[in-house]
There are 2 protein chains.
Amino acid sequence: MTLYAELAHVLRERIEQGLYRPGDRLPSVRALSAEHGVSLSTVQQAYRVLEDDGLAEPRPKSGYFVTASRSLPSLPSISKATQRPVDISQWDQVVELVRQPPGKQVVQLGRGLPDISSPTLKPLLRSLARLSRRQDMPGLYYDTLYGTEALREQIARLMVDAGCRVSPEEILITAGCHEALSCSVRAICQPGDIVAVDSPSFYGSMQTLQGLGLKALEIPTDPLTGISLEALELALEQWPIKVIQLNPNCNNPFGYIMPEPRKRELVSLAQRYDVAIIEDDVYGDLAYDYPRPKAIKAFDQDGRVLMCSSFSKTLAPGLRVGWVVPGRYQEQVTHMKYIGSGCTATQPQLAIADFVSAGHYEPHLRRMRAQYQRSRDEMTEWVRRYFPASARVTRPKGGFMLWIELPEPFDSVALNEEIKAKGVHIAVGNIFSAAGKYRNCLRLNYAAKPSAQLEAAVKLVGETACRLLAEAQVG
Amino acid sequence: MTLYAELAHVLRERIEQGLYRPGDRLPSVRALSAEHGVSLSTVQQAYRVLEDDGLAEPRPKSGYFVTASRSLPSLPSISKATQRPVDISQWDQVVELVRQPPGKQVVQLGRGLPDISSPTLKPLLRSLARLSRRQDMPGLYYDTLYGTEALREQIARLMVDAGCRVSPEEILITAGCHEALSCSVRAICQPGDIVAVDSPSFYGSMQTLQGLGLKALEIPTDPLTGISLEALELALEQWPIKVIQLNPNCNNPFGYIMPEPRKRELVSLAQRYDVAIIEDDVYGDLAYDYPRPKAIKAFDQDGRVLMCSSFSKTLAPGLRVGWVVPGRYQEQVTHMKYIGSGCTATQPQLAIADFVSAGHYEPHLRRMRAQYQRSRDEMTEWVRRYFPASARVTRPKGGFMLWIELPEPFDSVALNEEIKAKGVHIAVGNIFSAAGKYRNCLRLNYAAKPSAQLEAAVKLVGETACRLLAEAQVG
């Protein structure tokens with residue numbers, strides 16, 4: 001990160017944590033320059049970043065102020081630990097989400113769908129079409145089990161941005177990040193084993209642990225900095241944890257980016273207790289700040305980090321192309337991939353390799369990052385407008401998911417039941433917890449371009465939440 | 001099956017089992033009519049089928065004779081049981097097969113690749129290209145977890161040919177038959193459970209059992225009629241078997257079709273001992289006789305048969321589209337599908353649905369069945385010509401795999417090592433057994449159109465086998 005980006009980052013954190021309130025005067029350029037030992041122009045650049053983000057505004061002859069009109073909702077509280085490993089259930093509520101065919105008169109605010117209508121995806125479709133016209137029909141053959149070489153080369157190149165230097169031979173292509181995570185867990189764990197997870201945690205990973213007969217130990221997680229290393233260390237001392245599974249960059253559902261020093265510390269903790277780390281980086285390329293944050297894998301010294309990702313969030317989920325860098329577990333993960341589904345579909349791999357190598361990936365990402373950041377602000381504003389005033393809302397640093405916490409005993413399952421009948425779906429909070437916590441929370445997807453229809457859907461969710469909360473607090 | 005096809009079937013079995021030898025006179029039309037209670041013209045039709053197959057030839061005024069020039073090699077012997085459930089290994093030799101990228105100067109006689117060069121596949125490619133050009137880009141979205149509705153409707157229709165009446169809602173789309181089998185096993189079994197399998201058995205299924213910590217109990221299997229029901233019943237009495245997994249139609253690698261009465265009996269055996277049946281029907285549509293044989297699923301009365309299949313052998317493996325009809329295990333199999341890889345890639349599903357519903361599937365199958373049958377004869381002839389005279393060879397009734405048994409102590413692993421250096425690959429026999437049996441056997445793929453290059457490759461394999469066998473018998 002450049003100096004000014006780092007400084008902007010620090011200031012943003014302070015504003016978001018409420019150290020400076022809306023309308024407050026921010027430190028002078030001179031004061032910041034002295035405090036951080038950087039030049040005046042570096043501070044000015046940092047302020048311009050905040051200005052672009054709508055977080056700060058200059059007033060003539062008075063310096064910078066926290067944007068007054070921005071009364072951002074408070075952040076959710078730090079998640080509480082369950083204290084003990086638990087079995088996972090709630091499959092019925094997850095299947096509710098994933099059984100829906102797309103686009104059937106439903107506003108789907110629940111699933112992890114990116115926006116795939118961007119014109120920057122056109123070359124990918126052209127490439128798919130071109131592959132279908134080729135005489136040698138490469139898309140029809142079984143590929144090698146490891147995946148297409150051309151694609152693995154491109155992924156190795158992209159991973160440099162995440163601070164990882166891996167060779168194409170260390171990469172295994174999978175059917176989405178989902179399969180990457182599943183193979184990784186299966187390669188390491190036996191039924192009954194304990195997996196430490198950040199909490200809340202992606203419901204898909206939770207279900208995978210459940211289906212494999214594993215127990216999840218939920219570790220308290222901060223909505224700004226991620227999993228609590230202190231709590232994790234305590235857990236590592238108390239329980240025979242086999243692996244730590246987490247989603248450090250543009251976390252789903254919290255939206256935080258785990259700070260670099262904490263990533264480094266996490267790896268050394270894993271070394272000390274000799275456990276593996278499964279890193280879900282699927283939203284990492286969608287961090288709003290450029291360059292993108294480093295992966296935990298970047299700090300891996302002895303191959304204990306299994307990094308999982310995919311093109312499902314950055315390009316399109318229907319292609320089902322993901323990958324895993326399994327480190328020292330390469331042989332076991334490859335075996336699990338083979339016994340799970342065999343080779344991965346060939347044509348989407350070839351098309352993505354074309355797309356990336358022709359230079360279409362970066363401009364597409366730039367566009368999507370900017371669009372999602374704007375949509376985040378719009379969605380946050382709608383939530384502020386339509387949801388109960390007591391709602392606490394995350395401030396995602398990437399991706400396209402908003403997490404909303406309402407006071408207990410609010411029940412998002414009851415909310416979902418009511419709005420479903422009206423054609424709107426959300427992800428209920430409890431599926432993000434092994435122990436069924438977060439029933440008072442929900443997750444909204446803001447990938448789709450803001451529209452009147454979308455606002456109406458959020459309004460419906462918010463107003464229904466207001467009514468249910470009032471009823472719950474009375475009853 | 002029509003009367004004449006049934007009769008032709010009976011006669012073919014008798015010829016293949018050596019009841020009538022090459023040059024022998026076959027029973028007169030009148031005698032057969034009396035024996036089977038069918039009309040004279042039915043017998044004549046049956047003989048014409050045998051004539052078309054090159055098994056029988058008419059001689060003027062003398063009736064029908066077994067074709068003299070056909071000196072088919074003997075069939076392999078009935079496989080021997082291991083007597084006890086065993087752990088499976090040999091992953092290193094399987095990965096050898098599946099790690100190869102396609103078409104790299106290698107004649108791949110080892111893997112299960114169909115011929116994908118047929119012009120009857122063109123509409124499928126056109127459909128793929130068309131989908132990529134559609135403005136609403138349906139191929140980019142997540143599908144429903146169950147798979148595209150349009151495709152499930154077409155599969156339900158196709159399954160009628162296998163004697164199965166299932167609704168689209170009973171079908172779950174998977175990433176190939178491989179994932180269908182994997183999800184089915186995982187839905188039913190816990191680590192340590194025992195699975196009864198036909199033997200030899202597809203190495204992919206063997207590896208799946210191994211990777212899940214299951215034990216395989218290999219049941220003796222007849223190269224003409226399939227798994228021994230007598231041995232199976234004995235095993236069911238002796239061991240706590242959880243599921244019977246087998247491949248009854250155009251068996252891989254034996255090529256037999258399990259006769260209908262035996263399928264029926266198998267189901268009632270499973271009922272009596274209350275075990276599930278996992279049926280791999282992936283080659284069923286490639287049976288050379290039309291109509292195709294019934295699936296075991298056709299005789300299922302209480303949902304205990306999980307039928308698995310895919311378009312990987314009939315259309316193209318690179319598409320990775322298969323399915324499972326999980327019967328009473330639907331909920332568990334769906335869960336396993338979700339935790340394994342989530343949704344299946346969308347575009348190939350849509351393209352196949354187009355292809356089938358537009359009526360392109362049947363003509364394509366007809367063509368491939370005829371081509372594979374011709375190739376079987378050609379390949380058999382090459383084996384007769386170049387392999388040791390003591391080689392026993394299967395006579396597949398569908399699909400595109402030949403199984404060759406050589407006298408002990410012949411070692412196919414040593415054979416593979418020698419020919420690999422010369423760019424030819426085979427599947428070694430021992431990977432088809434949990435216990436590492438069949439090391440004296442090998443499997444050849446005859447999907448590719450016969451060519452001089454192919455013949456040279458088979459010649460190389462055969463001559464190397466001759467030399468190694470001679471050395472082994474001397475040493």
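Visitor: How many residues does the contact take from chain A and from chain B?

Guide: The contact takes 51 residues from chain A and 51 residues from chain B; two residues are in contact if their C-beta atoms, placed from the backbone, lie within 7 Å. This is a predicted model, in which local features need pLDDT of at least 70, side-chain atom pairs count only at pLDDT 80 or more, and totals for chains, interfaces and linings use all residues. Residues are numbered from 1 along each chain as its sequence is written, while chains are lettered from A and ligands numbered from 1 in the order in which they are written.

Visitor: Why do the copies meet through the same surface?

Guide: They do so because 100% of the interface residues of chain A are also interface residues in chain B.

Visitor: What rotation superposes chain A on chain B?

Guide: A rotation of 180° does, with 0.0 Å of shift along its axis and an RMSD of 0.1 Å; the superposition is by least squares on the C-alpha atoms of residues with pLDDT of at least 70 in both copies. The two copies are thus related as by a two-fold rotation axis. In chain A, A:Ala129 has the C-alpha nearest the axis, 2.0 Å from it.

Visitor: Changing topic, what does A:Ile404 touch?

Guide: Not counting residues up to four places away in sequence, A:Ile404 touches several residues, among them A:Val383, A:Phe387 and A:Leu444.
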